[in-house]
Amino acid sequence: MFDTDLETLSTADLLESAAEHRAIANRADARLLQHAQIYADRFHPSTCGIRPGRRSADGRERAVVLGGDGCPPIAEFAIAEFGLILGISPMVARQFLGEALALQHRFPFTWARVQSGDATPGRPANSPRCA
């Protein structure tokens with residue numbers, strides 16, 4: 001993928017290569033948002049029971065709503081697990097999952113456009129990056 005020496009490219013080819021890599025990164029970002037949304041759906045509190053070894057008293061896993069009104073809850077410990085696998089902090093994972101859920105549940109037309117490639121997924125400075 002990165003086997004071309006950029007220094008040898010003409011200016012037009014260099015810009016074309018940059019645009020191509022930006023398009024690849026946008027598709028990867030949209031796909032990562034889709035991963036986050038599906039993951040959050042799998043950890044909806046109604047579909048995942050109390051995990052073995054968990055007491056039903058204080059300290060148990062709670063349902064948290066990320067992404068604002070209209071978004072479904074997610075089991076709170078799933079957020080840290082998502083962040084761990086992506087190599088990001090639990091706080092960044094919480095924000096990223098919330099953005100994915102908000103796009104799907106609060107802004108379905110924008111979600112559809114991002115998934116079809118017609119819109120560029122937003123990327124805060126501290127969100128996970130793909131490419």
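This is a predicted model: local features need pLDDT of at least 70, side-chain atom pairs count only at pLDDT 80 or more; totals for chains, interfaces and linings use all residues.
**Entry 1: where helix 2 meets helix 3**

From helix 2 I noted Ile79, Ala80, Phe82 and Gly83, and across from them in helix 3 I found Pro90, Ala93, Arg94, Phe96 and Leu97. Sorted by class, this contact has 7 nonpolar residues, 1 polar and 1 charged.

Next I looked up the geometry. Two packed helices are described by the angle between their axes and the distance between the axes. For helix 2 (residues 76-86) and helix 3 (residues 90-105), I read an angle of about 105° and axes 8 Å apart. Helix 2 is therefore roughly perpendicular to helix 3, as 65 to 115 degrees is the range for that word.

**Entry 2: Ile79**

Which residues does Ile79 contact, once neighbours within four places in sequence are left aside? My list reads Val64, Leu66, Ile74, Pro90, Ala93, Arg94 and Leu97. Of these, Pro90, Ala93, Arg94 and Leu97 are also on the helix 3 side of the contact with helix 2.

**Entry 3: the largest nonpolar core**

The largest nonpolar core has 26 residues, and the members touching the most others are Leu33, Leu66, Ile74, Ile79, Phe82 and Leu97. Two or more residues come from each of helix 1 (11-42), strand 2 (73-75), helix 2, helix 3 and helix 4 (108-116). Helix 3 gives the largest share, with 8 residues.

**Entry 4: aromatic pairs**

How many aromatic pairs does a search of the whole structure find? It finds 3, and I wrote up two of them.

I took Tyr39 and Phe82 to begin with: their ring centres are 5.1 Å apart and their planes are at 35°, so I logged the pair as tilted. Tyr39 is in helix 1 and Phe82 in helix 2, so this pair ties together parts 43 residues apart in sequence. Are these two buried or exposed? Tyr39 counts as buried at 16% relative accessibility, and Phe82 counts as buried at 8%.

Then I turned to Phe82 and Phe96. Their ring centres are 6.5 Å apart with planes at 15°, so this pair is stacked. Because Phe82 lies in helix 2 and Phe96 in helix 3, the pair links parts 14 residues apart in sequence. Phe96 is buried too, with a relative accessible area of 5%.

Conventions: Residues are numbered from 1 along each chain as its sequence is written. Side-chain values use heavy atoms; hydrogens and water are left out. Axes are lines fitted to C-alpha atoms, for helices over the stretch in contact, and angles run from 0 to 180 degrees between N-to-C directions. Helices (H or I, at least four residues) and strands (E, at least two) are DSSP runs, numbered from the N terminus. Angles under 35 degrees count as roughly parallel, over 145 as roughly antiparallel, 65 to 115 as roughly perpendicular and the rest as oblique. Contact means heavy atoms within 4.5 Å. Ala, Val, Leu, Ile, Met, Phe, Trp, Tyr, Cys and Pro count as nonpolar, Asp, Glu, Lys and Arg as charged, and the others, Gly among them, as polar. A nonpolar core is a set of buried Ala, Val, Leu, Ile, Met, Phe, Trp, Tyr and Cys residues joined through side-chain atoms within 4.5 Å. Buried means under 20% relative accessible area, exposed over 50%, partly exposed in between (1.4 Å probe, protein chains only). Rings of Phe, Tyr and Trp (its six-membered ring) pair if their centres lie within 6.5 Å; planes under 30 degrees apart count as stacked, over 60 as edge-to-face and the rest as tilted.
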